[in-house]
Amino acid sequence: MTDMKSILETIRMIEKEKLDIRTVTMGISLLDCAHEDGARARERIYKKITTLARDLVAVADQIEEELGIPIINKRIAVTPISLIAGATGEEDYTAFAKTLDDAAEAVGVNFIGGFSALVEKGISNSDRILMKSLPGALASTQRVCASVNVGTTKAGINMDAVKTMGQTILDVAAMTRDQESIGCAKLVVFANAVGDNPFMAGAYHGVGEADAVINVGVSGPGVIKAALERVRDQPIDVVARVIKETAFKITRAGQLVGEEVSRRLGVPFGIMDLSLAPTPEIGDSVARILEEIGLEACGTHGTTAALALLNDAVKKGGIMASNHVGGLSGAFIPVSEDEGMIAAVQGGALTFDKLEAMTCVCSVGLDMIAIPGDTRAATIAAMIADEAAIGVINNKTTAVRVIPAWGKTTGDMVHFGGLLGYAPVMKVNSFGSEAFIRRGGRIPAPVHSFKN
Amino acid sequence: MKAIVNVVGRDRLGIIAEVSGVLYQKRVNILDLSQTIMEDYFTMVMLVDLGQMEGSFKSLKESLRACSEKIGMSIRIQEESIFKAMHQVNFGGETLD
């Protein structure tokens, strides 16, 4: 028998420290659903999703019962819709979003990702229609998540797409203004997006993937925080070691769940996303880990270094615990979804600019940040350009998911509800970036991308 | 398939008798057992074999829940594999059933 101490440790992690499997996400290829008749294409999409994912929720619930570990979200990611809908000749893809929404509801998942376009180098006609459809699609669906990839290390940054997305985010905010501009919480602008990310809102099923795949994202900020409470005042090497050991255990739980879901559904297990995903609940915060490492408040000087250490140690612990690593892998810092981040913003410790610095060393980017509703389109586009530059230059995934909250100004609160949480509206730089964004064109790929 | 049963609560007479009674009714064999007192709480961990179990895992869980209400203690049952996965480096390829 596993020793009693280890058994009780696992039980404590689950019961008291909020260890859970954050998401089991089924990736589904829709490449074989394309059809020149839009109605036929949507029929195929609905049928494929509801057939392949029919038992996803039931199987995950069964495994949760047997292993005694919560599996919080069951989700679906599909092939970027711009690649499928282009065959139809339709001028608006909102109907495709509605089909995804219906399919997600039918199988009981809370989010479906992949209303997406990959435009890092150029914008096809289909990509243009998809981007134009985003406000209507996000306003008329509940479960659909969208993403647009505007840059990669290999291709550089498509500034035309960046410009378009600055305006699009404002349009989505306006279209969903009666719900705190929540549509923007379901729209991610990426650089170096990955096709096996299980987390929303940025999940889509990459074109190099199989017909169906299971990807798993774990969680456990509370577990890491509790482990670090036991090594207060010890050298930073000890902090790194404790995070690694804890990340190993957390990831192994995810690996086991992924293997079981995969086996029972007869769908290959793709990757583990070695993640620390916070929630707005007390005791489930990445910011509080950074504070436990020794910062008075998240956002003060030293935050970037502490986050770099955390992110790296999570990966080192998780890599050994899983067969295949992928997705975004690292600590997430979504402001509205992290109780400690929210408190740090309210206390004046954490600013927009510091969050940008933090994105250089962690998973993803400027995430779930509410900004004033009157922020200009060029300013949002410039935020996207900055974030994409960090990703493209550093060979990492970065993203922008900001919410220009309709009618709100700095200091107001925005409530999204559930896992999406709540956020204070943050101050943004008031100086303009219009002339920079107006130029359009492409920022060339960085010199270190030429590796052949 | 094996599982871990964990019982925690204020010490009283007949805890093992009550829990093992439920396991016996369900034809669940106890393979190993350890117990201790932690911070005034009785804590017991049992390794059980579900190979000859009568009924489903869910119904066993339900019976243990009823037992936990009867004796006023917390009782959990979880597949053993999650403990092995999290605490043994050389875990892999084991399945739940």
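Me: How much accessible surface does chain B have, and what share of it belongs to carbon and sulfur atoms?
Reply: Accessible areas follow the Shrake-Rupley method with a 1.4 Å probe, and for residues only the protein chains shown count as cover. The accessible surface of chain B is about 5,000 Å², and the share of carbon and sulfur atoms is 47%.

Me: What conventions apply to the numbering and to the model?
Reply: Residues are numbered from 1 along each chain as its sequence is written, and chains are lettered from A and ligands numbered from 1 in the order in which they are written. The model is predicted, so local features need pLDDT of at least 70, side-chain atom pairs count only at pLDDT 80 or more, and totals for chains, interfaces and linings use all residues, while side-chain values use heavy atoms, with hydrogens and water left out.

Me: What radius of gyration does chain B have?
Reply: The radius is taken over C-alpha atoms, and the globule rule is 2.2 Å times the number of residues to the power 0.38. For 97 residues a compact globule would have a value near 13 Å, and chain B agrees with this at 14 Å.

Me: What percentage of the residues of chain B count as buried?
Reply: Buried means under 20% relative accessible area, exposed over 50%, and partly exposed in between (1.4 Å probe, protein chains only). Of the 97 residues of chain B, the buried part is 43%.

Me: Which residue of chain B has a positive phi although it is not a glycine?
Reply: The place of the residue is in the loop between α1 (15-25) and β2 (29-38) of chain B. With a relative accessible area of 43%, B:Arg27 is partly exposed. The phi is about 60°, and the residue is B:Arg27.

Me: What percentage of the residues of chain A count as buried?
Reply: Chain A has 15 helices and 15 strands. Its radius of gyration is 21 Å, close to the 22 Å of the globule rule for 452 residues, so chain A is as compact as a globular protein of that length. Of these 452 residues, the buried part is 64%.

Me: Where is the cis peptide bond with omega near 15°?
Reply: A:Ala201 lies in the loop between β6 (187-191) and β7 (212-218) of chain A. The cis bond runs from A:Met200 to A:Ala201.

Me: Is A:Ser329 buried or exposed?
Reply: A:Ser329 has a positive phi of about 45° although it is not a glycine. Its place is in the loop between α11 (303-321) and β10 (330-331) of chain A. With a relative accessible area of 9%, A:Ser329 is buried.

Me: How many residues apart in sequence are the parts that the pair of A:Phe199 and A:Phe332 ties together?
Reply: Rings of Phe, Tyr and Trp (its six-membered ring) pair if their centres lie within 6.5 Å; planes under 30 degrees apart count as stacked, over 60 as edge-to-face and the rest as tilted. Two aromatic pairs are found over all chains; A:Phe199 and A:Phe332 form one that is edge-to-face, with 4.7 Å centre to centre and 65° between the planes. A:Phe199 lies in the loop between β6 and β7 and A:Phe332 in the loop between β10 and α12 (339-346) of chain A, so the separation in sequence is 133 residues.

Notes. Helices (H or I, at least four residues) and strands (E, at least two) are DSSP runs, numbered from the N terminus.
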